[in-house]
Amino acid sequence: MADFFITDLLPIIIVMALGYISGKKHAFSEDQARAFNKLVLNYALPAALFVSIIRADRDMIFLDSTLTLVSLVVIVSCFLFSWFSCWKFFGRTRQEGAVCALIAGSPTIGFLGFAILDPIYGDSVSTGLVVAIISIIVNAITIPIGLYLLNPSQRNEEGRGNGSALVSAIKEPVVWAPVLATVLVLAGVKLPADFDPSFKLIAQANSGVAVFAAGLTLAAHKFEFSKEIAYNTFIKLIFMPLVLLLVGLACHMNPERLQMMVLSGALPPAFSGIIIASRFNVYTQTGTASLAVSILGFIFTAPFWIYVSRLF
């Protein structure tokens with residue numbers, strides 16, 4: 001576990017700190033920061049999502065229907081609860097609530113999934129199964145829902161969505177790329193391995209640039225710890241894994257897959273939420289601060305959830 005913090009979590013903290021320092025020193029202008037976000041959202045992130053999902057195997061998805069259903073119901077429910085609570089409890093707009101849900105209700109499974117599960121449980125079929133299923137749920141379901149809820153220009157005065165909002169969301173590469181990958185996986189289509197480098201070259205820019213841009217965004221706003229940031233951190237690091245554990249126990253899941261599912265749900269927020277926040281200039285200050293606090297908090301909650309899930 002110590003190796004994971006040194007090799008995977010510490011680089012995130014360092015790169016975000018580097019972006020924060022660069023922002024405070026005005027090494028990058030606001031327009032340049034937006035260009036970083038556009039690069040990630042329109043190119044690097046869609047490629048990374050496509051690659052992470054297309055690696056899945058159709059048989060794996062149906063191998064453990066309980067794992068699939070529990071992950072789907074709990075993660076989507078937590079996502080929608082985060083959106084609703086941000087809107088109702090903290091007086092945010094529906095659009096701000098959507099970005100909040102993309103942050104507080106979405107674990108960064110594609111970036112940290114294998115990095116944390118493999119050292120603990122080994123490079124096994126079960127590890128790949130958990131990462132594949134949760135990646136599809138987060139990237140092909142919650143991101144499209146979030147962008148649909150976020151699109152303020154296509155919603156009427158009553159806040160109800162319409163067809164234009166749905167079409168606008170589907171046009172975003174960050175939506176159609178993971179959905180396309182999911183359709184190909186379910187259809188049993190396998191892309192030749194020779195194509196992997198073509199996607200990976202741009203996909204590899206995703207995490208580093210996204211974290212650096214998050215640091216720039218954090219530097220552009222005064223950091224003030226608030227109840228809302230604490231609440232978002234609680235939803236991501238405590239509430240989601242707790243619900244996954246309880247529902248998984250009630251459904252008599254395989255113990256090892258239950259542990260991996262709980263730990264996956266306890267991962268820090270997906271970086272895609274911050275990039276989307278910066279791209280649309282919605283919920284950037286609170287969202288970026290929530291990400292930073294959650295990353296630091298994960299250092300303490302990860303060992304806790306490993307211990308607690310093993311008790312059962």
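**View 1. Tyr-283, a residue counted as buried at 5% relative accessibility.** Buried stands for under 20% relative accessible area, exposed for over 50%, and partly exposed for values in between, with a 1.4 Å probe and protein chains only. The model shown is predicted; local features need pLDDT of at least 70, side-chain atom pairs count only at pLDDT 80 or more, and totals for chains, interfaces and linings use all residues. Residue numbers start from 1 along each chain as its sequence is written, and side-chain values use heavy atoms, with hydrogens and water left out. Tyr-283 sits in the loop between helix H14 (271-280) and helix H15 (284-311). Helices (H or I, at least four residues) are DSSP runs, numbered from the N terminus. The phi angle of Tyr-283 is near 60°, a positive value in a residue other than glycine.

**View 2. His-26, in the loop between helix H1 (2-24) and helix H2 (30-54).** Phi is near 60° for His-26, which is a residue other than glycine with a positive value. His-26 has a relative accessible area of 68% and is therefore exposed.

**View 3. Ser-85 in helix H4 (residues 65-89).** Ser-85 has 0% relative accessibility, so this residue counts as buried. Its side chain makes a polar contact of 3.1 Å with the side chain of Tyr-231. A polar contact is a pair of N or O atoms within 3.5 Å; within protein, one must be able to donate a hydrogen and the other to accept it, and residues adjacent in sequence count only if both atoms are side-chain atoms. With neighbours within four places in sequence left aside, Ser-85 is in contact (heavy atoms within 4.5 Å) with Phe-90 and Tyr-231.

How values were computed: Helix = DSSP H or I, 4+ residues; strand = E, 2+ residues; numbered from the N terminus.
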